[in-house]
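Trainee: I have a model open and would like to talk through some of its local geometry. Could we begin with the strands?

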Amino acid sequence: MLVLGIESTCDETAASVVEDGRILRSNVIATSVKEQALYGGVVPEIASRRHAEYISATVEKSLADAGITVQELDAIAVTFAPGLIGAVLVGVNFAKGLAYSAGKPLVPVHHLRGHIAANYLTHPELKPPFLCLVASGGHSHIVQVQDYTHFKVLGRTVDDAAGEAFDKVARTLGLPYPGGPSVSEAAKTGDPKAYRLPVPKVEGKYNVSFSGLKTAVLSAVNTANMKGETVHVPDMAASFQERIAQILAQKLLLAAADTGARQICLAGGVAANGRLRQLVNDGAQKLGAKVYLPQLRFCGDNGAMIASQGYYEFLSGNTAGLELNGLPTLPIDYNCSD
Ligand code: KG4
Ligand code: ZN
């Protein structure tokens, strides 16, 4: 089965053709990230405008690269939630038009389910059940993937998402957007023990909290400024990265130990973080669990992950009519009963 996946929830306009949920036939990504970086973060209106400009050519190229016509597709999958609503709607409306005109089934895909499916593209042998940390710019969840379309959230952030914390700390330290890559780059030459950052207290065994960590970095910078001193950026970047990676890895591994998970995955933009990948690898080995990490090119937003998850949603009968609407928020377990 050939599924086209369309993604436009943030600053990437992406389209990809995937065969049987696992085999990548094409992967095209147009991004407005450089333009967004001028403003230190994503400006929703700019994101929507660029999606509207890029989407047609992006989808066309994904079909051309796969060497197929739209008629050869078996389904058209699109991210319908959650995301910046103006951005989401560009993809949803395009997909609806294409599905209607080509007479193909339309498959709505939840963005975070897509991030998880990035692991299926990387590891052909991976099958649910597994435990997954999904950490992106907007969400940080510890999720039990019970089946391809059944999810149970065990823990989540009570305030900022992990990627958001990286982005905010980068801005505080004068590092460019997006913060994840720029903080990790700066951290390479820093000492992770240089600054003692707090371990946030949070209710809920598997929940996480990052706003205290972000505030601690901000107050260290402000205190230094008041004294006419400066914070050592590589040292602070390394200390922050170490702390946030430790928190995420510890919570994930705790949930894995408690639930007896045999397979552990990472997903989302923050899954590209080298220190997090290392800590999860090391901890899972001690638990005797197998770790699956998505290829770096599938960590950030892409159409392939939507096509992959779209395949499984389609097999489960999750299709939509032309009444499909985009949603700014939606829980990952939106149609799962316990
Ligand atoms: O999943 P994603 O591409 O988009 C959303 O769904 O939000 O995630 C983007 C987030 C950004 O906050 C970015 O700073 C973060 O992922 N990120 C990273 C790294 N690369 C991207 N965070 C930590 N380390 C990285 N290497
Ligand atoms: Zn994402």
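Mentor: One term first: two strands count as paired if DSSP finds at least two bridges between them. Bear in mind as well that this is a predicted model.

Trainee: Which way do the side chains of strand 5 point?
Mentor: L106, P108 and H110 point one way, while V107 and V109 point the other way, and all of these are buried. In general, side chains in a regular strand alternate between the two faces of the sheet.

Trainee: Switching to strand 2 and strand 3, in what sense do they pair?
Mentor: Strand 2 (residues 12–19) and strand 3 (residues 23–31) pair in the antiparallel sense over eight bridges, and V17 stands opposite S26 of strand 3. The two strands form a hairpin with three residues between them.

Trainee: New topic: where are the cis peptide bonds you wanted to show me?
Mentor: One runs from P128 to P129, with omega near 5 degrees, and P129 sits in the loop between helix 4 (111–122) and strand 6 (130–135). Another joins Y177 and P178, with omega about -5 degrees, and P178 is in the loop between helix 5 (162–172) and helix 6 (179–187).

Trainee: Last one, helix 10: how many of its residues are buried?
Mentor: Of its 13 residues, 11 are buried, so to speak mostly covered, and among them are M305, Y311 and E313. Helix 10 spans residues 303–315 and reaches 18 Å from its first C-alpha to its last, close to the 18 Å expected.

Trainee: What happens at the start of helix 10?
Mentor: A side-chain oxygen of N302 comes to within 3.1 Å of the backbone nitrogen of A304. After helix 10 comes G317, with a positive phi near 85 degrees.

Methods:
Residues numbered from 1 in each chain as written. Chains lettered and ligands numbered in written order. Predicted model: local features only at pLDDT ≥ 70, side-chain atom pairs only at ≥ 80, totals over all residues. Heavy atoms only, no water. Helix = DSSP H or I, 4+ residues; strand = E, 2+ residues; numbered from the N terminus. Expected span 1.5 Å × (residues − 1). Buried < 20%, exposed > 50% of the residue type's maximum accessible area, 1.4 Å probe, protein only. Polar contact = N/O pair within 3.5 Å; in protein donor to acceptor, adjacent residues only side chain to side chain.
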